[in-house]
Amino acid sequence: MAQFKRVKRNINGVLLLDKPIGFSSNQALQKVKWLFQAAKAGHTGTLDPLATGLLPICLGEATKFAQYVTDADKTYIATVKFGATTTTGDAEGEVITTGYVNFTREQLESVCRSFLGEISQVPPMYSALKFEGKALYEYAREGVDIERQSRQVTIADITIHRFEGEVAEITVNCSKGTYIRTLAEDIGNALGCGAHLIGLRRIETAGYQLADAITLEQLEQRIKNTPVEFLQSLLLPIDSAIAYLPAVTL
């Protein structure tokens, strides 16, 4: 039986995707690219499979601006569980240490304030960071520990929304390259009880807001009911990727 190739479309713009849990950023990207039958596409910063939320995806000519979005500051809502550390720094890993949780909200706020500004972070082994062409998490799964260099990142703000017993929900505004898992672990260590992430949701980057994003299910439904010639209407303009930068009119 003859096989027919899908027609690749030269479609340009930015899609704000609400990435679901369980999908890697690349899996979400490939799904969007397939739905649009786009000739070219790229995402703008990795979200772990456990994480959800805003993942701007650039299609066509917008891929030339993807790095600007990747380099922009980001805002996350993180749910942190105190009293245990895990192999991965999140709920997917095995518990390796436990500690007694005995601190007040005021003490938590004080510790969070100590992490504001420029801080040093060591990237976690369970990350997509590459070493000799191979992701660190691949080494970690093989039981190999790679020495990582610390990096400077900036934490602009940490706001505590909820603190109940062993769980806190915080909003973190930070620079690119910040590992929220590492931040949660460091806060837990500073409090003397350990901690790990049990939830992470990106809500803002480069001026884009999660409230304006679309889920994969919604996107599939919209594309099914949208004529090919109107697919462009589902995307933001190419230059929206740099709208957060100062403008100069000549």
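Tutor: Let us begin with A206, which is found in the loop between β12 and β13 (208–209), where helices (H or I, at least four residues) and strands (E, at least two) are DSSP runs numbered from the N terminus. Residues are numbered from 1 along each chain as its sequence is written, and side-chain values use heavy atoms, with hydrogens and water left out. This is a predicted model, in which local features need pLDDT of at least 70 and side-chain atom pairs count only at pLDDT 80 or more, while totals for chains, interfaces and linings use all residues.

Student: What makes A206 count as buried?

Tutor: Buried means under 20% relative accessible area, exposed over 50%, and partly exposed in between (1.4 Å probe, protein chains only). The relative accessible area of A206 is 5%, so A206 is buried. A206 also has a positive phi of about 55 degrees although it is not a glycine. Q37, in the loop between α1 (25–36) and β2 (41–43), has a positive phi of about 55 degrees too, and Q37 is likewise not a glycine.

Student: Why is I203 called partly exposed?

Tutor: I203 belongs to strand β12 (residues 195–205), and its relative accessible area of 23% falls between the two cut-offs, so I203 is partly exposed. Contact means heavy atoms within 4.5 Å, and beyond its neighbours within four places in sequence I203 is in contact with L54, T75, Y76, I77, Y208, Q209 and L210. From I203 to N173, which lies 30 residues away along the chain, the C-alpha separation is 9.9 Å.

Student: How do you know that there are zero disulfides in the whole structure?

Tutor: A disulfide is a pair of cysteine sulfur atoms within 2.5 Å, and a search of the whole structure finds zero of them. For C174 the nearest cysteine sulfur, that of C112, is 13 Å away, and C174 is in no disulfide. For C193 the nearest cysteine sulfur is again that of C112, at 12 Å, and C193 is in no disulfide either. Both residues are covered: C174 has 1% relative accessibility and therefore counts as buried, while C193, with 4%, is buried as well.

Student: Why is β11 described as largely enclosed?

Tutor: Six of the eight residues of β11 are buried, so this strand is largely enclosed by the rest of the structure.

Student: Which strands pair with β11?

Tutor: Two strands pair if DSSP finds at least two bridges between them. Strand β4 (residues 74–82) is joined to β11 by eight bridges in the antiparallel sense, with V80 having A168 in β11 as its bridge partner. Strand β10 (residues 151–164) also pairs with β11 in the antiparallel sense, over eight bridges, and there I160 stands opposite I170. The hairpin of β10 and β11 has two residues between the strands, and in it G165 takes a positive phi near 65 degrees.

Student: What makes helix α5 largely enclosed?

Tutor: Eight of the eleven residues of α5 (residues 180–190) are buried, so the helix is largely enclosed by the rest of the structure. Its buried residues include I180, L183, A184 and I187. Just after α5, G192 takes a positive phi of about 80 degrees.

Student: How do you know that I119 is buried?

Tutor: I119, in strand β7 (residues 117–121), has 11% relative accessibility and so counts as buried.

Student: What makes the chain as compact as a globular protein of its length?

Tutor: The chain has six helices and 13 strands. Its radius of gyration (over C-alpha atoms) is 20 Å, close to the 18 Å that the globule rule gives for 250 residues, so the chain is as compact as a globular protein of that length; the rule is 2.2 Å times the number of residues to the power 0.38. Of the 250 residues, 46% count as buried.

Student: How confident is the predictor in the chain?

Tutor: On pLDDT, the predictor's confidence in each residue from 0 to 100, the chain has a mean of 90, and 97% of its residues reach 70 or more. Confidence is lowest in strand β8 (residues 130–131), at a mean of 71, and highest in strand β11 (residues 167–174), at 98.
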